[in-house]
Amino acid sequence: MKLLSLTQHMKKSGDYDVTVVEDVTLGQIIATATLITEHKCIHSCAKRGRVEEGVVSNEHRGKELCQFLSTHNLLSKKLNCYKIALECLPQNVGFYKKFGYTVSEKNMCQRFLK
């Protein structure tokens, strides 16, 4: 699938929210993450959020840019997701705990209980 058609598919489905941070002085993308929402058969087809493709360029790490991940947490709540999850390497667990994620058997997740 070509990039343009993939992007159009993502936009049309309404299930993808891509956050991009650009350094406008350099004209470069320096951070990005995607929130994907999906309906699960369990929980009466309730929505679950999943963060993927989160990355900050090496040159910009340690500059608080990771705070943009909070936008996905807020958006997941607004979309009435019952939880948001992500996968990460064991050495990154502490980093994601700062954003409210906890360790489960399979991945890091943050539940939005009502």
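Visitor: In what sense do strand 3 and strand 4 pair, and over how many bridges?

Guide: Two strands count as paired if DSSP finds at least two bridges between them; strands are DSSP runs of E, at least two residues, numbered from the N terminus. Here strand 3 and strand 4 (residues 81–86) run parallel over 5 bridges. Arg-48, for one, has Lys-83 in strand 4 as its bridge partner. Keep in mind that this is a predicted model, where local features need pLDDT of at least 70, side-chain atom pairs need 80 or more, and totals for chains, interfaces and linings use all residues. Numbering starts from 1 along each chain as its sequence is written, and side-chain values use heavy atoms, without hydrogens and water.

Visitor: And which sense links strand 2 to strand 3?

Guide: Antiparallel: strand 2 (residues 28–39) and strand 3 (residues 47–56) share 8 bridges. Ala-31 has Val-56 of strand 3 as its bridge partner.

Visitor: What order do the elements of the chain run in?

Guide: Helices are DSSP runs of H or I, at least four residues. From the N terminus, the order is α-β-β-α-β-α-β-α-β-β, with 4 helices and 6 strands.

Visitor: How should I class Val-20, buried or exposed or in between?

Guide: Buried is under 20% relative accessible area, exposed is over 50%, and partly exposed lies in between (1.4 Å probe, protein chains only). Val-20 sits in strand 1 (residues 16–23) and is partly exposed because its relative accessibility is 44%. Across the chain's 114 residues, 33% are buried.
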